[in-house]
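Here is a short walk through one protein model.

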Amino acid sequence: MEAAGWVTPADTYERRVGRSRTVTVALYRLGDVRALRDMPGVDWEAARGLPKGAPSPLREYAKLAPTRAAVVRAFAQGLADRHGVRVWAWNSPYSGRWELDWERIEEAPTEETVRRELAADPEAASYAAEIVLCPVWGEITREARELLRPGRAAVVDTETTDLYGRTVEIAVLDAATGEKLMDTLVSPGVPIEDGARWVHGITDEMVADARPFEKILPRLRKVTRGRIICAYGAEYDRTVVLKDVERAGKKPMHLEPEGNWYCLMQAYADWRCHP
């Protein structure tokens, strides 16, 4: 009857069921309920005489409201169409709320704009308290899209003689295409420790005839110049590279500023474990 729009609750209250669950109980005015008996065209006797489990003849009158998921998705699609941007919507299993973010084109639309549009939407506004705008993963998603632009970033990985030791192998990939820009063994000038060899499988014999770091440094500078340098554990790889540059007596140039490096491991952790 409520789904058909014939009657609305006058009030509600919460009632405990079991140890940890509560249910919402609707309260109706007696006069409103009695008035339903006089509605023309409704076969109340057929509804009362239904056997258990049989579908009610009153269901044809029900106006099923759209689900929260449908409302949020419709709002997200409308937001994308109005502003010409990509919109991402996710139902968080951690908070039970929907989380919404979008790409920015010349900084628009802003969070304030979207919040106003949400409040003005006749259906989505009722779920506004259950929709989180601009979650942590949204910023990371936008950063990732930026890093995947052609020529924007390179991914660097090093293997070393020991923890924070000297480089024995270095590889650089184009972040957008996966193209190999550099992949070479490096002679460290010192023995490779057993623990490190167990991790990466590189032996002293394999690097015996490899070039030293100062010889591969020009190529490393060239393939990373003008790009964000991404690494899975950027603090480690940056430290290893700068120590080798120092030992070689060379200038680190664009390899030194922390702002030129981007930690993929931290970004992944933030994306997976955001509150």
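A polar contact is a pair of N or O atoms within 3.5 Å; within protein, one must be able to donate a hydrogen and the other to accept it, and residues adjacent in sequence count only if both atoms are side-chain atoms. This is a predicted model, in which local features need pLDDT of at least 70, side-chain atom pairs count only at pLDDT 80 or more, and totals for chains, interfaces and linings use all residues. Residues are numbered from 1 along each chain as its sequence is written, and side-chain values use heavy atoms, with hydrogens and water left out.

Start at Thr224. It belongs to helix H7, residues 213-224. Helices (H or I, at least four residues) and strands (E, at least two) are DSSP runs, numbered from the N terminus. The side chain of Thr224 reaches back to the backbone oxygen of Leu220, at 2.7 Å. That side chain also makes a polar contact with the side chain of His254, at 2.8 Å. Is Thr224 buried or exposed? Thr224 is buried, because its relative accessible area is 0% (buried means under 20%, exposed over 50%, partly exposed in between, with a 1.4 Å probe and protein chains only). Leaving out residues up to four places away in sequence, Thr224 touches Val156, Val172, Ile229, His254 and Leu255; contact means heavy atoms within 4.5 Å.

Now turn to the pockets. On a 1 Å grid over the protein atoms alone, a pocket is an open set of points where a 1.4 Å probe fits, with protein on both sides within 12 Å along at least five of seven lines; lining residues have an atom within 4 Å of a point. The largest pocket has a volume of about 200 Å³. Helix H5 (136-147) and helix H9 (264-272) each supply at least two residues of its lining. The largest share, four residues, comes from H9. By class, this lining has twelve nonpolar, no polar and no charged residues. Among them are Cys230, Tyr262 and Trp271.

The second largest pocket has a volume of about 160 Å³. Of the 14 residues that line it, Thr158, Glu159, Thr160, Val199 and Tyr236 are the closest to its centre. Its lining has five nonpolar, five polar and four charged residues.

Finish at the hairpin. Strands E3 (residues 87-91) and E4 (residues 98-102) run antiparallel, joined by five bridges. Asn91 has Trp98 in E4 as its bridge partner. Six residues lie between the strands, and in this hairpin Gly96 takes a positive phi near 75°.

Key:
Grid points are joined across faces, edges and corners, and a volume is the space filled by probe spheres set on the points. Ala, Val, Leu, Ile, Met, Phe, Trp, Tyr, Cys and Pro count as nonpolar, Asp, Glu, Lys and Arg as charged, and the others, Gly among them, as polar. Two strands pair if DSSP finds at least two bridges between them.
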